[in-house]
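Please look over the structure shown below before reading on.

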Amino acid sequence: MMVTIPPTRQAIIDDIHMKLSIFSVCTMLQNGVGFFNLNHHAEDLFCKILNEFKANDGWNLTNVNPKTLNHPGFDLVDDDKHVVVQVTSERTLSKLKDALTKTSPNYKGYSFIFCPLILCLLQLRAGAKML
């Protein structure tokens with residue numbers, strides 16, 4: 001009879017980090033050759049992750065892109081908490097400025113979160129307080 005030892009918390013965190021890292025690298029490689037479908041999956045994935053991390057704050061982000069493909073300025077919104085999030089594989093100042101410029105004045109007063117995939121992953125790995 002084989003005894004299964006449950007994984008430690010650190011082993012689970014390491015496994016999640018490895019899978020997210022692979023996802024991030026695959027996304028960057030595919031973007032490099034003009035394929036952007038993983039970016040849309042990243043929006044849904046980070047919507048769930050951020051909602052989980054901010055559950056105590058009552059966040060309920062939703063992905064706006066199923067309603068409007070490539071919504072200008074941001075990808076996720078929580079109208080009750082007045083938060084918008086741009087999930088991106090780019091981590092450039094020009095991408096940030098572009099997202100801020102394209103965000104509609106209807107969202108004035110909302111907190112704007114810029115979430116480059118690789119930086120979010122590094123924060124998760126380092127155990128940094130997110131947002």
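**Surface, helices and salt bridges**

In this predicted model, methionine 28 counts as partly exposed, its relative accessibility being 38%. Methionine 28 belongs to helix α1, which covers residues 9-32, and together with Val25 and Leu29 it makes a nonpolar surface patch of about 280 Å².

**Overall make-up**
- The chain's secondary structure amounts to four helices and four strands, arranged along the sequence in the pattern α-α-β-β-β-α-β-α.
- Of the 131 residues in the chain, 34% are buried.

**Packing of α1 and α2**
- Helix α2 (residues 37-53) packs with α1 at an angle of about 150°, the two axes lying 9 Å apart.
- Because angles over 145 degrees count as roughly antiparallel, α1 and α2 are described as roughly antiparallel to each other, and α1 passes α2 in a left-handed crossing.

**Salt bridges**
- The structure holds three salt bridges, one of which joins the side chains of lysine 19 and aspartate 15 at 3.0 Å, N to O.
- Lysine 19 and aspartate 15 are four residues apart in helix α1, a separation of about one helical turn; lysine 19 is exposed at 53%, whereas aspartate 15 is partly exposed at 36%.
- Lysine 54 meets aspartate 57 in a salt bridge of 2.9 Å, N to O, in which lysine 54 is buried, with 11% relative accessibility, while aspartate 57 is partly exposed at 40%.
- Lysine 102 and aspartate 98 form a salt bridge with their closest N and O atoms 3.3 Å apart, and both residues lie in helix α3 (residues 93-102), about one turn apart.

How values were computed. Residues numbered from 1 in each chain as written. Predicted model: local features only at pLDDT ≥ 70, side-chain atom pairs only at ≥ 80, totals over all residues. Heavy atoms only, no water. Patch = residues over 30% accessible without salt bridge, like charges linked within 9 Å, V, L, I, M, F, W, Y side chains within 5 Å. Areas by Shrake-Rupley, 256 points an atom, 1.4 Å probe, with all protein chains shown as cover. Salt bridge = Lys/Arg side-chain N within 4 Å of Asp/Glu carboxyl O. Helix = DSSP H or I, 4+ residues; strand = E, 2+ residues; numbered from the N terminus. Buried < 20%, exposed > 50% of the residue type's maximum accessible area, 1.4 Å probe, protein only. Axes fitted to C-alpha atoms, helices over the stretch in contact; angles between N-to-C directions. Parallel < 35°, antiparallel > 145°, perpendicular 65-115°, else oblique. Left-handed = near helix turned anticlockwise from the far one by under 90°.
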